[in-house]
Amino acid sequence: MAIYFLKRLGYIAAIIVLMSLLVFLVTHVLPANTAEVILGEYATAETKAALEQKLGLNLPLPVQYLRWAGGLLHGDFGQSVILEQPIAPILWTALGRSALIAIPTLLIVTLVGIGIGVVSAVQYRRPLDRLTSLGTYVAVSVPEFFWGLVFILVFSSYLNWLPTSGNGSPGDSLWARLAHLVLPVATLTLGLQAHVSRLMRSSMLEALRSNYVRAARARGMPERTVILRHALRNAMLPTITVLAQDLGFLVGGIVAVETIFAYPGIGRLLVYAVSRHDLPLMEAVILVVTAIYCLANLAADLLYGAFNPRIRYGRSVD
Amino acid sequence: MADPSIEFPVPRRARLPWSVTLGAAMLAAIVLAAIFAHWLAPFPADEMHVRDRLTGPSLTYWAGTDEYGRDVFSRTLLGSRLSLFLGFVATAIALGIGVPLGLAAGYCRGLVDELMMRGLEIVMSFPSLLFVLLILGVFPPNPFLTAGAIGIVFVPHVARVVRSVALDLMSGEFVTAAHARGEHAYYILLRELLPNLWPYIVVEGSLRVAFAILLGAVLSFLGFGVQPPAADWGLMLTTARDFVSDAPWMAIAPGVAMSLTVISVSLLGDGLREHLDPATRGRA
Amino acid sequence: MTTLLELHGLGVDYGGAAGPLVAVRDVSLSLAPGRALGLVGESGSGKSTIAGAILDLLGSGAAVEGDILFEGSNLRTLDPRERRRLLGRRIGAVFQDPFTALNPALTIGRHIAEPLIQHLRMFPRAALERAIELLAEMYVPRPREVAAAYPHQLSGGMRQRALIAAAIACEPSLLILDEPTTALDVTVEARILSMLRELRHRKSIGLLFISHNLGVVRALCDEIAVLYASELVERGPAAAVLREPRHPYTKGLIASIPPLAAGRRAARLPSIPGNLPMLGGRSRGCRFAPRCPFAEGRCAEEMQALAPAGEGREVRCWKAPRTAAWPRASVQASAPIAFPPRGRLLSTSDLSKTFGTRRGLGAIRLDFSGKSPLVSYRPSLVTAVDGVSLAVATGEVLGLVGESGSGKSTFGRLVLRLLQRSSGSVEFEGAEVSDLSGGALRRFRGQAQIVFQNADSSLNPRLSVGTALERPLVLFEGIGRHDRKRRVLELLDMVRLPAAYRERYPHQLSGGEKQRVAIARALASRPKFIVCDEPVSALDVSVQAAVVNLMADLRDSFGLAYLFISHDLAVVAQLSDRIAVMYGGTICEIGGVAEVLAPPHHPYTRMLLASAPRIAEEAEADTSLSAAGRTAVDQATSGCPFHLRCAFKIGAICESERPPLRPMSPTHSIACHLDAERMG
């Protein structure tokens, strides 16, 4: 198992390096002239030359890459062109705020998604199942920013219970600050848990149809034991894999949700960077977020390994 | 012995589940509405009726008017074209690249497979939205570019599914029998494997269309799609946000339209997948 | 209580809106405590459905009628939870597939302890100890280690023993076994059967044993009940029924089982013509009538009922007392042996094939056990075929017998160049096969074809029969479309399928029919040599005989040579001229069929012959020859591949030196260090 972990870690590290290369190449090689893209309509011969000098765009590509990568490893993410400030502090603060949304969402999604999935699998084709299936269907098909708007409409305009933008001002009480999190978390949760519960349902159904469940029933195990000890344990495996994929959706969702609710997290920072063509900022944000995504996938891999004895114990006994 | 331990009779030709017919019907209606939008829309998309700004649904304006007095219903109808365009073009690109890649990986196995999969994994390591934003951040906005970027992001998903199914099929002895006849790779890929792959390609394709429409909408919602005053669902929802307390109907029409489109495609895809399941022992 | 289990008029109908789909029809039988009843039948007989009905595992789509009485109480009237509690506590069950019947996430010990904790309310620690004891009773070696292991770490035979242990953990009075040994090698099967026999006597458990294999049932059961197409057609004491069957179906079934003896070239197996009926609705007369050689008009009109036939027997046939023996197949006296074996069509010399199971990145191993971490590159290799030299003459059938892991299938594919050999050579008509290219390679492909075991996966489900048969014609015979169509009809006729089948798709054919199509496809290019890889192993016995006969007829009509690969010695003996016995990638014995079946034997051949369950003989399968606790895949890495399992091992020489093939006669060789007299 330890060997498995080390191998996966090495693999992820390699992927992160390759990704940084990809990000670098896209931003520095694809466009005809990087400085021109950044400056946009302000691009004149002089401004371009000044920018190229400042960002070191004249240096050969490998050198540029190494400088950038070296800086990253030291925690120096460069300087934002538009904001004219070092990127690192801005980035970490924004990341922290986004984490306040992302982590509760993940927890709720996991618990609720698994719960709904198991219940609807056990109640297969009966009213409860059909109802939840319908619900998940709608939840998946409607884009989260639409839900966001609906929530704004209902909870803010009509009911006026919750704030719909920003994350509060300094001096607000803890409750007031938390209130700003509720709607974004709810919006994200709605869409994501639908994915998880659908997959949980179908892998539970498959587990319930398997030969070992039949054998357990034939041994006279009560249905509850069959569901929890036999079916659920094995149905968790594909779900863990999908939870990892869901992290990708989470990232996309955070961007949208932060935009709707004007929440100053990393998603909004990214949108800002992309729309202003602030390439250094954009590169840094994308790389950091993707690295986190990879590490989260690694965690999911380990969890999968913990649940699957085939990975923990490979060798034969007899 | 081929006997299963408990024998269950397998229906020989199952009827299509209701979700397939419903989904197909809905999708057909939406596509037709998009094609004939110019004739079906009561008003042109950019015609402003300033005196009737921000009025609710009525007999003249079926879904109300927006902040410039433009008919929301007509704009929704006309806006469907862009979303559907994105959805189908992106999926076509994803399938066009992903299916051959998946087939090659599944057929060749070994080193070719490993390399291809590692390469695709790198692209998959990016959350889809980020990858598209990465590309869009470097170029000026352009619908073809958006469609292309979305398509490329989806290539690994398609390739993975095709590869799985292809690997499964390759273990079938009819492929070995083909080798025993000395068949060339082209024959095996096109005449033995591909006919068995179509159902899976259709199912995955419909899923991709749904995701592409959603992703495209998010992009235009964030401001990376078409620019105003074009009629586009994502764009309409952006402006609707600012007016949500005064004129909620501005959000409802495009939101419902988008949801219905995605639902119809998902119904179609899911129904087809269910149809395949008992006959071929589950999807890869 | 007098009876343990009683079924009264049990019926199961899966039908829905489309009409009835009766899987079990009016079955009544009884089982006394401590007795063993064998339920025998082929596909569609309903035998497994009966087990499912008793255990309430059929699901909501099945409509069950009739009564199921267990120890006096009617299971069908019990509350579902009561019924569930009865299972495991008083009734144990073991199913066919040991590979999927164990939860991959739980240890073996947990599986066995579970019913003990649930039904007997034992404490977990005590339950685990008892589980280890039970494993020891099943003759599982190192039971403590096995109990701590996960299912994927054990072999099939070991898993099945664990499942049996779990089934009897609570000392039930009835044990239901549904094809428990079908997925296992015959030597493993023999050991499990003898263990079951001993278990039964020791604990006086009643046994309901479901199988399609009459020999296995004979070895274990006191009584036998024969099922055909959802009905019970004959019942009685096992020895009597098998010695003297009364119902035509039973007669046909027994007659079509190939005897373990050399077949003559001109002889054919008796077989039951026609196909097994699909699960259907009502029919007026006897369900077997369409295939019965004794049928008369009355048979198709009247419903047949089970009638007593003396000595505790029952038969569902009004003609029963008066029917003769099943008709022998007519010997093809008219067709002289047109193509006697001669010359050398195919020969291999020291052919080997090694597979690497961990290659590339997967072969990098990290080793922390030493003082510093060691990174090593260690691919693991499996030698599937190890220096095999064989020859097949034109028009000859060479049988290749072995169990799983022997390398016989790999050898078959090597010979056709479907796999790259690692070393050695293969010659076809004098030319080295791996050197062929272009037109010569194409000609070879046309001349040497293959038929697979699993007809389901050897036909492309999307191609119609006609399209599949035309393809080789397009490749190998440049004939026009009209001629191709004619040739397709010829091929269908050769394999005795109606012309209308040209339009059908594989899912519209039965197992035997699919296999015939596969054979027709192989014949299309007019080959001289066909590798048959377990072609009849997946077929029902009654269908098997017909296909074997077909293959013999084709051999005689076209002078075909076969490499007939199978694990079933009897079938191989029926069709082959010579037999080669394979173990661990090497040939242990090769010779004429009669010579191989008679002493002197290689120890492995002896073990195979002793393990094969026989119908007629009273003697139980002799398992003393197999070392207890060894699994089928145990293979030595040096010396004789068989020495780890050999009961006749001499000593160090067996471990260090590979025995060469020593001729016992000009046509018979054995690879063993023993002297000829000791191989008796």
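Helix α10 of chain C, spanning residues 248–255, is mostly covered, with seven of its eight residues buried. Helices are DSSP runs of H or I with at least four residues, strands are runs of E with at least two, and both are numbered from the N terminus. This is a predicted model, in which local features need pLDDT of at least 70, side-chain atom pairs count only at pLDDT 80 or more, and totals for chains, interfaces and linings use all residues. Residues are numbered from 1 along each chain as its sequence is written, and chains are lettered from A and ligands numbered from 1 in the order in which they are written.

To find the covered part of α10(C), look for C:Pro248, C:Tyr249, C:Thr250, C:Lys251, C:Gly252, C:Leu253 and C:Ile254. Their packing partners in chain C are α8 (214–220), β9 (223–228), β10 (231–237), α9 (238–243) and α18 (541–558).

Now move to helix α6 of chain C, residues 156–168, whose 13 residues reach 19 Å from first C-alpha to last. That is close to the expected 18 Å, a span given by 1.5 Å times one less than the number of residues. Eleven of the 13 residues of α6(C) are buried, so this helix is largely enclosed by the rest of the structure. Among them are C:Met158, C:Arg159, C:Leu163 and C:Ile164.

Key: Buried ≥ 20, exposed ≤ 12 C-beta atoms within 10 Å, placed from the backbone. Contact = placed C-beta atoms within 7 Å.
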